[in-house]
Each structure stands twice: as structure tokens, then as C-alpha cells.
Amino acid sequence: MNKTIKIAHHTISADSPAFIVAEISGNHNGDIHRAIEIIHSAKEAGADAVKLQTYTPDTITLDCDNEHFKLNRGTIWDGTTLHALYQTAFTPWEWQPRLKEEAEKIGLICFSSPFDFTAVDFMAGLNMPAYKIASYEINDIPLIRKAASQKKPIIFATGIAYPEDISLALQTCRDEGNEDVIILKCVSSYPASFEDINLKNIPYLREEYDCLIGLSDHTPGGVVAVGAVTLGAVMVEKHLTLKRADGGPDAAFSMEPAEFAAMVNQIRDLEKALGHSEYSLTPKQIKEREGARSLFVVRDIGAGETLTPDNIRSIRPAAGLSPCYYEEVLGKTAACAIPRGTPLEPKMFGG
């Protein structure tokens, strides 16, 4: 795939280093200074971008405590209402210009997830360079259409998506003339278990939807992220907090800075190791071929003597004829005296 997408100053393609995003989400714990500290930690850990979430409790749900709005799906938030959860987790909109400015000042890209039309308008006013559609909004086609109409890259997670949801969301973007779409492999479970991840979906998604594919991950540690890059993920999104022990709605499935940095380093080392698909030797490998095997004289041979397995062998290093000629040279006649330890060459023997 030759698709290239540009988010702010960062170019993303199948051949580029993975775009690594630190999700701040609700890990600011209601303190803008903590949010700023997370941004700086993301930079130090090697992230390329930080991501916010643009909603208020009232733009994402209803302040109601009947059965429809109480969490009871086996989540870490069960027992509370949606409105109460989002009241704790949301990032005040008045912070977001400052957070974006702070990120850009230190060389990070900052973008966000909108959750309603007003959030899209707000993000447009901030000139956010991309719009990430969260898993639970995958079926909100009017929201996706409005975000896509901004003509900025669209990133959408597939954590609860059926194939038809992905197809419709993607087609909605394309109908708006927006082909800059990254689809994120995701499991909407917090934290997610390794058994549910199914990273082998990544090549399938790339082929099925002809899109760049990334990963939004909620498993512990960085192993899933590294594995995703091995399979072709061009983007990795992980939640970042300062300390899980500080608590917060998303702390349980967030990485601490040292863990995030270790993951980034592993991904960057892996990318060096992945190389390219064309088979060729590096200059170092070519040099090391000098240590391969070749044909040597292993016993003094007199002029006119026959070359036999007793006086010719395939041994290291590669200074003589290739061992592939071994059967051909046996039975040949030495054209001259050849001392033991001499690399065998064609001029040394006749028919």
C-alpha cells in the first residue's frame, strides 16, 4: 500500500516509523498542571503525539440514574452512572487550547476525539490536525460525516464494530471526499485481556478496507503494541498516566512513563530489525561471507597428483573455490605442486 497520510508535520505510511500516541483521557484527575506534566512525560518517553477527549458529561450522555444509564457490563466502573463517570473523566474545554499549545511547544502533535457536533466545531476552531472517532461512536454516522467534512485525517477505533460498521464509517468519510483514514484495531475492554486481542486481524483489515491500520490498546505492558507493529500497524495509541497508584477513571489500564518509554524503545528497535521486504545482504553480511566455507588443499599435493577427498576439503574460510564445485574438481590433476593450506583455484588443476 502506497497510501500516505500527514497529521500536522508527521507523515504516516506503511513504510514510516509507527506514529505513537499517548492518550491522556481522564488521567489528569481534574488538575491541568497534572495534564501538562503528562504531556511532558509523553515527550520524554518518545511519543509523537498526545490525544485529548473533547466532551462534557452533558454532550456525551444524560444526567439520569435509571437502569439505562447505570454501568453494569462487568467494567471497572460498574455501580456508577455514565454521567457521574464522565463528570470525573472529562477534560475541561477551556484547558484544551493551553494543552495543545504546551504540546506543540515541545514538538508534540496534539489532537482529540470529538463526541458531538459542538466538539467538532470546537476542535476546528483550535485547528486540531486530526479527529479520532472513539469505538462507541463508530455507529454515529452524522458525527463521522461532520468530522470527515473538516478535511483532516480521521482515525477511528473498531473496539465494538461489526464489519458493516467499519464499512459504513469508512464509506461516510470517502463520501465526504476524505480518503485520509486510519483504522485502529481495538478491543473495548478496560483493561483488555491478551486472549481477546487477535492481532492477526491487522493484515486482514489492511487488505479488506485498503487503509492504513493502527492499534488502540488497553492491555498491560507493551507486548501487544510491539506485536502490532510487527504485523504492520502504523500507529499505536496507549493511555499514559504519571502513576497508576494516583488513581483516576483510566488508571488501571494506563502505562506509567517508564513503561511507555520502554515500549517506544522496543518499537523503534523492532522497526530497525524489520528492515524492508527486498532480500539483500548488508555490507556487513557481505564482509562476513569471508568466513564461509571454500575448497582448500589439506595435504601437500605434488604436480600431476590427482585431487581426492584426502587432499581437498570444504573448510572455513571462503578464500578458495566454492564448495559447490567439490564433486567437479575431484579426479582432476594438479598442474603444479600445491602446499597444504592453499585455497584451491581453477588454475591449479587441469582435466
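Glu102 belongs to helix α4, which spans residues 96-105; helices here are DSSP runs of H or I with at least four residues, strands are runs of E with at least two, and both are numbered from the N terminus. The model is a predicted one, in which local features need pLDDT of at least 70 and side-chain atom pairs count only at pLDDT 80 or more, while totals for chains, interfaces and linings use all residues. Residues are numbered from 1 along each chain as its sequence is written, and side-chain values use heavy atoms, with hydrogens and water left out.

With a relative accessibility of 10%, Glu102 counts as buried; the term buried denotes under 20% relative accessible area, exposed denotes over 50%, and partly exposed lies in between (1.4 Å probe, protein chains only). Leaving aside residues up to four places away in sequence, Glu102 touches Ile36 and His40, where contact means heavy atoms within 4.5 Å.

**Nonpolar cores**

A nonpolar core is a set of buried Ala, Val, Leu, Ile, Met, Phe, Trp, Tyr and Cys residues joined through side-chain atoms within 4.5 Å. The largest such core holds 82 residues, and Phe111, Phe156 and Phe260 have the most contacts inside it. Helix α1 (residues 32-45) gives the most to this core, with seven residues. Another core, of 12 residues, lies apart from it and includes Leu295, Val297, Val329 and Leu344. In soluble globular proteins, nonpolar side chains tend to be buried together.

Residues up to four places away in sequence again being excluded, Phe156 has among its contacts Ile133, Ile138, Ile166, Ala169 and Leu170. Val181, Ile182, Ile183 and Leu184 are also touched by Phe156.

**Backbone exceptions**

Most residues other than glycine have a negative phi, and most peptide bonds are trans. The table lists backbone sites that depart from these patterns.

| Site | Feature | Value |
|---|---|---|
| Tyr190 to Pro191 | cis peptide bond | omega near 0° |
| Arg316 to Pro317 | cis peptide bond | omega about 5° |
| Ala8 | positive phi | about 55° |
| Asn127 | positive phi | near 55° |

Pro191 lies in the loop between β8 (181-186) and α8 (201-209), and Pro317 in the loop between β12 (312-315) and α12 (326-329). Ala8 is placed in the loop between β1 (4-7) and β2 (10-13); its relative accessible area of 41% makes Ala8 partly exposed. Asn127 is found in the loop between α5 (117-125) and β6 (131-133) and, at a relative accessible area of 49%, is partly exposed.

**The chain as a whole**

The secondary structure of the protein chain comprises 12 helices and 14 strands. Its radius of gyration is 30 Å, whereas a compact globule of 351 residues would have a value near 20 Å; the radius is taken over C-alpha atoms, and the globule rule is 2.2 Å times the number of residues to the power 0.38. Along the principal axes, the C-alpha atoms fill a box of roughly 100 × 45 × 40 Å.

Of the 351 residues, 48% are buried. Among contacts between residues at least 6 apart in sequence, 66% join residues at least 24 apart. The chain exposes about 16900 Å², of which carbon and sulfur atoms supply 50%; accessible areas come from the Shrake-Rupley method with a 1.4 Å probe.
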